[in-house]
Each structure stands twice: as C-alpha cells, then as structure tokens.
Amino acid sequence: MGGTAVNERKRAMELLAKASVAELTAGWQAIEPKPEVHAVRGPESGLVMVRGRIGGAGDAFNLGEATVSRATVRLGSGEIGHGQLLGNDREKARLAAVFDALHQRAEHRPAVDSLIDAVESRIEAEDRKQAEQTAATRVDFFTMVRGDN
Amino acid sequence: MYVAVKGGEAAIANAHQLLADRRRGDRSLPSISIDQIVAQLGLAVDRVMAEASLYDRELGALAVRQARGDMIEAIFILRAYRTTLPRFGMSEPVDTATMKIERRVSATYKDLPGGQLLGPTFDYTHRLLDPSLLTDEPVADPVRRGADDSPMMRVSDILAGEGLIEGDGKLPEDHVAGDLTREPLEFPLKRDLRLQALSRGDEGFLLALAYSTQRGYARTHPFVGEVRIGEVEVELDIPELNFAVSLGRIQVTECQMVNQFQGSAKNPPQFTRGYGLVFGQSERKAMAMSLVDRALRAEEFGEDIVAPAQDEEFIISHSDNVQATGFVEHLKLPHYVDFQAELDLVRRMRAEYDAQSRAEKDGAIREAAE
C-alpha cells in the first residue's frame, strides 16, 4: 500500500474502532446489496498491555492491560478486513472488520466513508464540547493592587 | 493421624444465596445498573480498574456491583478475570503530551502555556455534605468558553529548557521493559518494573508512604510540577498491515513531581523527578505514586536509605492489595488441623512446665523445712 492508501485505511480503522455499536449497525443496514462475509479469525476478546513512558517521554514501561476485541473477515470477493477496538464487544469488532473490508471495494466505499465521516463529526463535537467546558475552568489570575498606606 | 473431613457444602451454597439477596437489598428499591455505576460512581470504577490493572469501565462497574462496593473485593474479581483472557500484544507507549486534557494544574508555574485548568475537581469545595444530593434535583449544564487548541507543554520541558531538571527516565539501550505479570519479581528492580507495580499498587498504602516522606521519613522536597487528566490514544501494531492503529482512547492521570536535589559528585545540582501514571481519574494515587517513585530512587542519587518509603523490596512486596488481602484473609479459612497440632504442642509444653514448677516448689518447701 502507498502512503495515502495506508493513511486512509488507518483513519477508517481508527474511526471504526471509535464508532458506537448503534452507528455500526445502522451503517450495515445501509449497505446494499449485502456482501458475503466469512469469518477468518474471531471475533474474540483478549488483552493488550498498555505501555507508558517513564517521566512522560522516557523509556517504555508496562502500565496495565486493557480489554480488546478483534475480528478478521473475508468478503466473498476476497478482501480481508480487520477490526480491533477497546472493550469486550465482539460484535462491534466483527462489524468494524466488515467495514474495513468494504472500504476496500469501490462500490461500497462511499457508504463506508459516510459512516466514518459521521463518526468523526460526532467525536469532534464531543471533544469540542469537553474542551470548552474545561476551558471555562481555566484560572484567570489578577494582581491585587496594594494601597499606599 | 490425619483425618480428612468434608462438609459445609449446603452451608456455602446457602451463604452465597444469602449474599445475593443482601447484595440486591430492599426489593422495593430499583436495582442499580452497570451504566449508572459507570456514570455516577465513576471514580470508584476508576480505582478498581487501576488496581486490578485492567482498563474496562463496564467490567470495573460489574465488579463494584458484584462486590457490593467493597473495593478490594472488586479489584480481586477483576484481577482474576484478566487471567482468563489471552494477550493480543503490547500497545505503542501512550503519548501523554497529546492528551485530550480534562484537567491540568501546576503548583510550580502560575502562567504556564495552556494555563491552569481545574476541570471537574473536588479542590476548593468546602467538603460540606450537600443535602441537594439527597433528592434528585436538576443539575445545571457546565459553562463553556472558547478553547484554544494549542498543545499543552509539559512542565518538565519548561525546566529542561534551562537544564535545571533531569531528563525523562532512560534505561540501558538493550533493556526490554519488564512485565511483572509474566516474570517473578527479582530485587532490586529497574524503574520500569517499579512503575508497573506502583501503578497497580494499593492507593491507601502508597498514600501513607507518600505522606511519610513529607513528614520527614526520606525528605523529597516535592512540588507538583504538573498533574494532568485526560484521554490518550491506545495504538496497537497490526502485524498483517505493518502499521499501528488506534484501538480507542483511555483516560489516565499523570503526575510529574519535581524534587529538589543538591547534587553529588556525579550530578550537578538540579531538580529530580518522580513520575506517576494511573488508569482513570486517580489524582491522589498518581501523586502518591510519583512521591514513592522518587523516594525509591534514593540509591540512584546516592542518598542515605533511612526510611520505609526508600525500601523497594518492602514497598513493592506489600503494595499489591490482592496479594495482601489473599494472605491476610486466608487466616479465617479452616486451620483445624494446624491448630490441633499447635494445641497438642502447647498442652505438652504446659504439662512439662507445670511439672517443673511443682518440682521447684516442692524443693523450696523441703529446703525451708530442713
């Protein structure tokens, strides 16, 4: 894959990981005709060891684990899709894998793009809201002027 | 003679049924849902995730509910669950510099880039019980204000600009980060393993040790350089694709504790640092962790080891509350045979003792009579 293709797939996979199960299910309903999907691996749940860095940017250390679900599927037309996301929701991982595979097919790409664009807008709106709520708690310091006496 | 006995099966089954009943409590009250625990008792869930060393809010809330709010029991349950799952891999190290900040304060710089963001804090509340929470009164929406998107510079980078603070922790070039879930601990530890152990360590235990350093048992002259809370991306390398993708975000709390250091033959006078990184919103724990991390680096800086907070083997061997509760609580399980053996021993010793003191007494009376 070239740089652009990698970036596009990476973006799609990351947004699919952050999609809600409702968003994925609705997205699947919008796919017509439904492709043939074969399970290659999973869906299964397991752990990923999350690492941090000493002092914030030093060498890595193991912070603790997080639950992760993943799935790999193959479409009837041969495309392989991978889904991997935090949490225990295996169905969500399977749907994410299906969309990753569909994203590689020109006829389904617009539908997948509209799904992930919607997820991206939702996340941006949520982030914006939180950033603005946090900004309202910023401390504005002012200097007390001392009197002459 | 050792006689095996069996029994109590019905009692155990009935006890567990009784536990389930008491857990549910008064049936005229609505049952509490997992979503409600995640949303309204979030910091309890965060503590369970941090000390179980497993990030999963839903499972953390389930553990809290199952344990009737007993935190260590909940941590135990979640820790046990993690052993049933396979490990898929290791994430890329999380980047706290790009955190989606929900709170960020520094006690060392008033006007630092990005500013002081209080976030949803208990600080500056009066700690008075709030009667409005006795009922379900409506809660106002938070105030919003325009946010600037500029990155939040880490406080350690400000001091690093002047060369007045030690760098981020580096281990030898070929060092592979240790994992205490895979290998037994061998003391002395490297700092990476120590941080892993501290991050899952009991909050109360680490808080007490951190407090002891402030009261003079291993002085560290600490300042909170920075505490930040927010979400970071967890990226995993996908071997089939040769690139890393984000699996989603997790919330973490990071503390950079800045400590005065006089300098030694090897090092110039500069600030040193303790580091804390904990799952969820766990500010007290991250601060305690950073103080203990710094205290445990005494040998690295040629400081005298005089206090409990500097004793790595003592701290790390006792900071895990699942291990601790397992060993302390096992004492209430049947020890009938051990105790019979001890009882028999004490009876024999007592008989010998009584016989000897009787003989001595008889001897003394005889001497007096003669």
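Helix H9 of chain B, residues 283-295, holds 13 residues and reaches 18 Å from its first C-alpha to its last, close to the 18 Å expected at 1.5 Å a residue. The model described here is a predicted one.

**Helix H9 of chain B**

- Of the 13 residues of H9(B), 12 are buried, so this helix is largely enclosed by the rest of the structure.
- The buried residues of H9(B) include the run Lys285(B), Ala286(B), Met287(B), Ala288(B) and Met289(B).
- Charged side chains are also found in this buried set, among them Glu283(B), Asp293(B) and Arg294(B).

**Overall form of chain A**

- Chain A contains 4 helices and 3 strands.
- Read from the N terminus, the order of these elements is α-α-β-β-β-α-α.
- The C-alpha trace of chain A spans about 85 × 35 × 30 Å along its principal axes.
- Chain A has a radius of gyration of 21 Å, whereas a compact globule of 149 residues would have one near 15 Å.
- Buried residues account for 42% of the 149 residues in chain A.
- Among the contacts in chain A with a separation of 6 or more, 53% are between residues 24 or more positions apart.

**Helix H3 of chain A**

- Helix H3 of chain A comprises residues 90-102, and its end C-alpha atoms are 18 Å apart; this agrees with the 18 Å that 13 residues should span at 1.5 Å a residue.
- H3(A) is mostly covered, as 11 of its 13 residues are buried.
- The buried residues of H3(A) include Leu95(A), Val98(A), Phe99(A) and Leu102(A), together with Lys92(A), Arg94(A) and Asp100(A).
- The cover over the buried residues of H3(A) includes helices H1 (3-18), H2 (21-29) and H4 (109-135) of chain A, and also strands S1 (37-53), S2 (60-75) and S3 (80-86) of chain A.

**Contact between chains A and B**

- In chain B, 64 residues are in contact with 49 residues of chain A.
- Several elements of chain B give two or more residues to the side that touches chain A, including helix H4 (57-66), helix H7 (191-199), strand S4 (222-238) and strand S6 (270-279).
- Strand S5(B) gives the most to this side of chain B, with 8 residues.
- The residues on the side of chain B that touches chain A divide into 29 nonpolar, 16 polar and 19 charged.
- Strands also pair across the two chains: S1(A) and S2(B) run parallel and are joined by 3 bridges.
- Met49(A) stands opposite Met90(B), a residue of S2(B).

How values were computed
Residues are numbered from 1 along each chain as its sequence is written. Chains are lettered from A and ligands numbered from 1 in the order in which they are written. This is a predicted model: local features need pLDDT of at least 70, side-chain atom pairs count only at pLDDT 80 or more; totals for chains, interfaces and linings use all residues. The expected span of a helix is 1.5 Å times one less than its number of residues. A residue is buried if 20 or more other C-beta atoms lie within 10 Å of its own, exposed if 12 or fewer, and partly exposed in between; C-beta atoms are placed from the backbone. The radius of gyration is taken over C-alpha atoms; the globule rule is 2.2 Å times the number of residues to the power 0.38. Two residues are in contact if their C-beta atoms, placed from the backbone, lie within 7 Å. Two strands pair if DSSP finds at least two bridges between them.
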